[in-house]
Structure formats: C-alpha cells, structure tokens
Amino acid sequence: MRIVSKLMSAIKPIVLSGPSGGGKSTIFERAKKEYPDAFAFSVSHTTRKPRPGEENGVHYWFVDQDQMEQMIARGEFFEHARFGGNFYGTSKKAVEDVQKTGRICVLDLELQGVFNIKQSHLDARFILVRAPTLEILEERLRKRGTETEESLSKRIQHAREDLEAVRADPLLFDHVIINDDLEKAYQEFINILSEDLAHFKKQNSI
Ligand SMILES: Nc1ncnc2c1ncn2[C@@H]1O[C@H](COP(=O)(O)OP(=O)(O)OP(=O)(O)O)[C@@H](O)[C@H]1O
C-alpha cells in the first residue's frame with residue numbers, strides 16, 4: 001500500500017542543463033548538502049567500456065551494442081545518442097527506479113539530450129543554469145583552473161551555440177536561472193523545487 005501510494009505521488013524528474021561553467025554543479029552540490037538524500041541521478045546506459053573504479057548500475061549500466069540496439073528497438077529509452085562511437089541513453093526504467101525511492105530524479109544533460117528528451121514527452125521540470133554573460137563564464141572557467149586553452153575555447157564556443165539555441169527556442173526550459181549572485185541563484189533553484197522538497201520530506205517522515 002505504501003509502495004503504491006509512493007508511486008502514485010511520484011515527484012517529477014528535473015532536467016538540469018546549461019553551458020559548462022554556468023554553475024550547475026556548484027548550485028546542485030549545495031542543494032545536496034542542504035537536502036541530503038533528496039536527489040538522485042538516474043543511471044544511464046552506455047556501450048563504452050567501464051573505466052577503472054566504475055561500477056555497473058552505479059556509474060552506468062554497461063551493455064554491449066546488441067543489447068543497446070534491442071532496448072532502443074523496444075522503445076525502452078527516453079533518449080539516446082551516439083558520441084565518439086559509443087551509445088549513451090536514459091532508460092525509462094532508470095528514471096522510474098529513482099522515482100520509486102521517492103527522491104527527485106536528476107538528469108544532467110547537454111542541450112542535445114534536452115532536445116531529445118523533450119521529444120519523448122517525459123513529464124519533467126526543465127531547468128537551465130547559465131552565467132550572465134559569456135565573458136563572465138570565461139572568467140569563471142579560467143579561475144576554476146580545470147581547462148587548457150584548447151578545452152576552454154571549445155567550451156566557450158559550445159556555450160555560445162547553446163545560448164543561441166535557447167534564445168531561438170524560449171519555451172525549451174521551464175526555468176532559466178541566471179547565475180550572477182550565487183546566493184540568489186541558489187535560492188531560485190530551491191524555490192523552483194520547494195513543493196517537491198516538501199513532498200520528499202513528507203514522504204520520508206511517514
Ligand atoms: N555566482 C557565481 N559567482 C562566481 N563564481 C561562480 C558562481 N557560480 C559558480 N561559480 C564558479 O564558477 C565555476 C564554474 O561553476 P561550475 O563548476 O558549477 O559550472 P558547471 O556549469 O557545473 O560546469 P561543468 O558543466 O563544466 O561541470 C566554478 O569554479 C564555481 O566556483
């Protein structure tokens with residue numbers, strides 16, 4: 001009975017996207033600290049080989065190409081794509097498995113994944129986090145110290161294209177968070193999810 005009621009009141013997944021350096025991870029990591037256990041990523045499928053330390057069912061579901069193609073043919077994915085010769089996909093079951101736990105399922109997707117998942121009609125909240133300008137984004141990525149000149153310029157070019165695509169399709173995201181002041185951006189994120197977080201708390205206090 002309890003499982004049934006949890007399933008009936010499943011919380012909508014969130015699709016979190018935005019150009020690299022916009023602040024998704026900073027905001028999301030803070031939310032995880034403030035609300036431990038409220039969030040969980042859905043585990044994607046991939047045909048790429050596991051790297052040392054990667055566990056099946058934790059980092060990815062590792063499958064071979066045949067298995068992947070059969071799952072695609074059976075319509076088991078919300079979205080799938082091919083990068084660098086490997087398939088990646090978000091299965092419907094992976095999202096449902098998180099929803100069954102009563103947590104907020106998070107899909108961290110590149111813009112192409114967002115377009116794909118929109119077509120699947122997944123009932124999700126689409127949230128974009130972006131820096132106020134490309135100049136500020138560049139400055140933050142430089143300060144983060146994770147990029148070479150080459151990867152930096154690729155990310156900035158990618159960000160420019162992403163922001164163009166978002167401008168061209170203003171209804172793509174339900175919420176656009178302009179991450180200027182971090183505190184404000186974080187509060188905006190929490191406000192968007194306030195009902196879901198309250199729902200999560202209520203379900204977990206039963
Ligand atoms: N509002 C802000 N003001 C100043 N610096 C910020 C702000 N938000 C984030 N940063 C800094 O900007 C850098 C990029 O943020 P973050 O790593 O969260 O971006 P991201 O969108 O998750 O990028 P990626 O997709 O590459 O992981 C980090 O060094 C972070 O500390």
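Helix 6 and helix 7 cross in a right-handed way. That is where I want to start. Keep in mind that this is a predicted model.

Helix 7 covers residues 149-168. How do we describe such a pair? Two packed helices are described by the angle between their axes and by the distance between those axes. For helix 6 and helix 7, the angle is about 150°. Their axes lie 11 Å apart. An angle over 145 degrees counts as roughly antiparallel, so helix 6 and helix 7 are roughly antiparallel to each other.

Now the contact itself. Which residues of helix 6 meet helix 7? They are L134, L137, E138, L141 and R142. On the helix 7 side, we find L152, R155, I156, A159 and R160. By class, this contact has six nonpolar residues, four charged and no polar ones.

Next pair: helix 2 and helix 8. What is the angle here? Helix 2 and helix 8 pack at about 60°. Their axes are 10 Å apart. At that angle, helix 2 and helix 8 are therefore oblique to each other. The crossing of helix 2 with helix 8 is right-handed.

Look at the side chains by name. Helix 2 brings T26, I27, R30 and A31. Helix 8 answers with L182, A185, Y186, F189 and I190. Seven residues of this contact are nonpolar, one is polar and one is charged.

On to the ligand. How many residues surround the ligand? The count is 15. The closest are S20, S25, T26, R140 and L182.

Which helices supply at least two residues each to the shell? Helix 2 (24-34), helix 6 (134-144) and helix 8 (182-192) do. By class, the shell holds eight polar, five charged and two nonpolar residues.

Last, the record. An unreviewed UniProt entry places "domain: Guanylate kinase-like" at residues 11-194. That span is 44% helix and 21% strand.

Note on methods. Residues numbered from 1 in each chain as written. Predicted model: local features only at pLDDT ≥ 70, side-chain atom pairs only at ≥ 80, totals over all residues. Near = placed C-beta within 6 Å. Helix = DSSP H or I, 4+ residues; strand = E, 2+ residues; numbered from the N terminus. Nonpolar A, V, L, I, M, F, W, Y, C, P; charged D, E, K, R; others polar. UniProt positions renumbered as here; feature names shortened; annotations may be inferred. Axes fitted to C-alpha atoms, helices over the stretch in contact; angles between N-to-C directions. Parallel < 35°, antiparallel > 145°, perpendicular 65-115°, else oblique. Left-handed = near helix turned anticlockwise from the far one by under 90°. Contact = placed C-beta atoms within 7 Å.
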